[in-house]
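Visitor: I've got a structure to go through with you. Can you put it up?
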Amino acid sequence: LIASLVAALRHGPRDDRVWFLALPALVPILLFTLVALWADRVLPHWAAPGYLMLFPLLGAAVERWLRQGRRWVRGWLWGSAAVLLSLLAVLVSHLATGWGRLAVPALARRDPLVEAVDWRALPQALEERGLLDRPGLFAAAPSWIQAGKADYALGGRLPVLCLSPDPRHFAFLHDPAAFRGQDAVLVVRGGTLAQMRAEYGAYFAAIEPLETVSIRQAAAPALTLDLFLARDFSGSYPV
């Protein structure tokens, strides 16, 4: 893709179709590569739209190479497809079953794919306690990522607030004032009662522990969620 971009820039604006794809690709790729030189954190999807613009240029180059009879191109294409399918088979099977954590000890300590595991056991745990669909109750999480996982798992059966200074889109889904006086189930990954009281004690009358929910992939445990019952929400949280 980068070679296709360089070739397009060398070619210049003589072919307006090539130029039309090259210039929008150049901006995010160059911008976020430069940002990465001094930023603490750069995520790969920031530059990804630029690379998407280069797929037609690479496709045109591959078609041209095939017409020219370059033998290595077919081997490269088949090899790329084989590597991609193999990687997908490994990753998807691990995501479905968690076998990688049993086979590779390092993954048991830190598995980057655990963020893709759905929290399917959460609604069942709440239902067993009679908390699911209970009037005057909402769920809350300490980050927009955890709130998103909880909201997806609950499927709208409880409203979800993100009690965080950075709630992202959750700031626009619900007005916290509408939940004044209600109780909340705090859903936290790796949270303690002391942490919850220190973080949210000023916004609830009382906070008590409920249980720990194990989220599993087939037979392998993936992560644990700590649940707390927070009573009498004040209706506000600093954003």
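Visitor: Which helix gives the most to the nonpolar patch?
Guide: Helix α4, residues 71-97, with four residues. This is a predicted model: local features need pLDDT of at least 70, side-chain atom pairs count only at pLDDT 80 or more, and totals for chains, interfaces and linings use all residues. Residues are numbered from 1 along each chain as its sequence is written, and side-chain values use heavy atoms, leaving out hydrogens and water. Helices (H or I, at least four residues) and strands (E, at least two) are DSSP runs, numbered from the N terminus.
Visitor: Which residues make the patch?
Guide: V83, L87, V90, L91 and W99 make a nonpolar surface patch of about 450 Å².
Visitor: Where is W99 found?
Guide: In helix α5, residues 99-103. W99 counts as partly exposed, because its relative accessibility is 38%. Buried means under 20% relative accessible area, exposed over 50%, partly exposed in between (1.4 Å probe, protein chains only).
Visitor: New topic. In α8, which residues are buried?
Guide: Q146, A147, K149, A150 and L154, in a helix spanning 144-154. They cover an arc of only 160° around the axis, so they sit on the same side of α8. That arc is taken from the directions from the helix axis to the C-beta atoms.
Visitor: What do the buried residues of α8 pack against?
Guide: α7 (121-128), β1 (137-141), β2 (160-162) and β3 (183-188). Contact means heavy atoms within 4.5 Å.
Visitor: And what follows α8?
Guide: G155, with a positive phi near 60°.
Visitor: Last one. Is S4 buried or exposed?
Guide: Buried, at 11% relative accessible area. S4 lies in helix α1, residues 2-11. Leaving aside residues up to four places away in sequence, S4 touches L57 and L58.

Methods. Patches are made of residues with over 30% relative accessible area and no salt bridge: like charges are joined within 9 Å, nonpolar side chains (Val, Leu, Ile, Met, Phe, Trp, Tyr) within 5 Å. Accessible areas come from the Shrake-Rupley method with a 1.4 Å probe; for residues, only the protein chains shown count as cover. A salt bridge is a side-chain nitrogen of Lys or Arg within 4 Å of a carboxyl oxygen of Asp or Glu.
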